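Biologist: I would like to learn how to read a structure file, feature by feature. Can we go through one together?

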Amino acid sequence: MENTIKRTIAGAAITAAGIGGSLGVSALTAAPAQAKVDSGVYTVRSTNLGITSLPGKAVVRSNRLIIPGAPSLVLHPTPRGAYSDFGIVRYTFTKRSNGYSGKILTAGIQTGTITLNER
């Protein structure tokens, strides 16, 4: 899983560099904070640039998303969940019945999806 996450991040960075150089990087803004991702243990799965990760363990603690083998991400609350930025890649999380689902945006362009399902 570590290799898959690293490949996904590397692929996103390469794509972002090309898109950012061509289009310029615009600032992304979030709605006023009202909700958040609940603390707990989740199963994370993502598809980015056509690469689907294997299900892995993720922990949300104190507005931080912790996935073993990947950098810890700070979660910023939004009215329906949260978002997190890693360079020019933004991960969004919207509350669903059994967890959260969202988009992976690179320089404002959707490049994939991500889910956090409660364990």
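Biologist: What does the accessible surface of the protein chain come to, and what share belongs to carbon and sulfur atoms?

Modeller: The model is a predicted one. Its protein chain has an accessible surface of about 6,400 Å². Carbon and sulfur atoms hold 55% of that surface.

Biologist: What percentage of the residues is buried?

Modeller: The protein chain has 119 residues, and 36% of them are buried. A residue counts as buried under 20% relative accessible area.

Biologist: How confident is the predictor, as given by the mean pLDDT of the protein chain?

Modeller: The pLDDT states the predictor's confidence in each residue, on a scale from 0 to 100. Here the mean is 82, and 71% of the residues reach 70 or more. Over residues 16–27 the value is below 50, and that stretch has nine contacts in the model beyond near neighbours in sequence.

Biologist: In which sense do strands β1 and β3 pair, parallel or antiparallel?

Modeller: Strand β1, residues 40–48, pairs with strand β3, residues 56–61, in the antiparallel sense, and five bridges join them. One example is Val41, whose bridge partner in β3 is Val59.

Biologist: Which residue in β4 is the bridge partner of Val59?

Modeller: Ile66 in β4 is the partner of Val59. Strand β4, residues 64–66, pairs with β3 in the antiparallel sense over three bridges. The two strands form a hairpin with two residues between them, and Ser62 takes a positive phi near 55 degrees there.

Biologist: How many aromatic pairs are there?

Modeller: A pair of aromatic rings is described by two values, the distance of the centres and the angle of the planes. The count in this model comes to one aromatic pair. Tyr42 and Tyr100 form that pair, with 6.0 Å centre to centre and 65 degrees between the planes, an edge-to-face arrangement. Tyr42 is in strand β1 and Tyr100 in strand β9, residues 99–106, so the pair links distant parts of the chain, 58 residues apart.

Biologist: Why does Tyr42 count as buried?

Modeller: Tyr42 counts as buried because its relative accessibility is 2%. Tyr100 is buried too, with a relative accessible area of 2%.

Biologist: Which residues are in contact with Tyr42, leaving aside its neighbours within four places in sequence?

Modeller: Among them are Val37, Gly56, Ala58, Val60, Tyr100, Leu116 and Arg119. Tyr42 and Ala58 are 16 residues apart along the chain, yet their C-alpha atoms are separated by 5.0 Å.

Biologist: What share of the contacts with a separation of 6 or more comes from residues 24 or more positions apart?

Modeller: In the protein chain, such residues account for 44% of those contacts.

Biologist: Is Arg90 buried or exposed?

Modeller: Arg90 is buried, as its relative accessible area is 6%. Arg90 lies in strand β8, residues 89–96. The side chain of Arg90 makes a polar contact of 2.7 Å with the side chain of Asp85.

How values were computed: Residues numbered from 1 in each chain as written. Predicted model: local features only at pLDDT ≥ 70, side-chain atom pairs only at ≥ 80, totals over all residues. Heavy atoms only, no water. Buried < 20%, exposed > 50% of the residue type's maximum accessible area, 1.4 Å probe, protein only. Contact = heavy atoms within 4.5 Å. Areas by Shrake-Rupley, 256 points an atom, 1.4 Å probe, with all protein chains shown as cover. Pairing = 2+ DSSP bridges. Helix = DSSP H or I, 4+ residues; strand = E, 2+ residues; numbered from the N terminus. Phe/Tyr/Trp six-rings, centres within 6.5 Å; stacked < 30°, edge-to-face > 60°. Polar contact = N/O pair within 3.5 Å; in protein donor to acceptor, adjacent residues only side chain to side chain.
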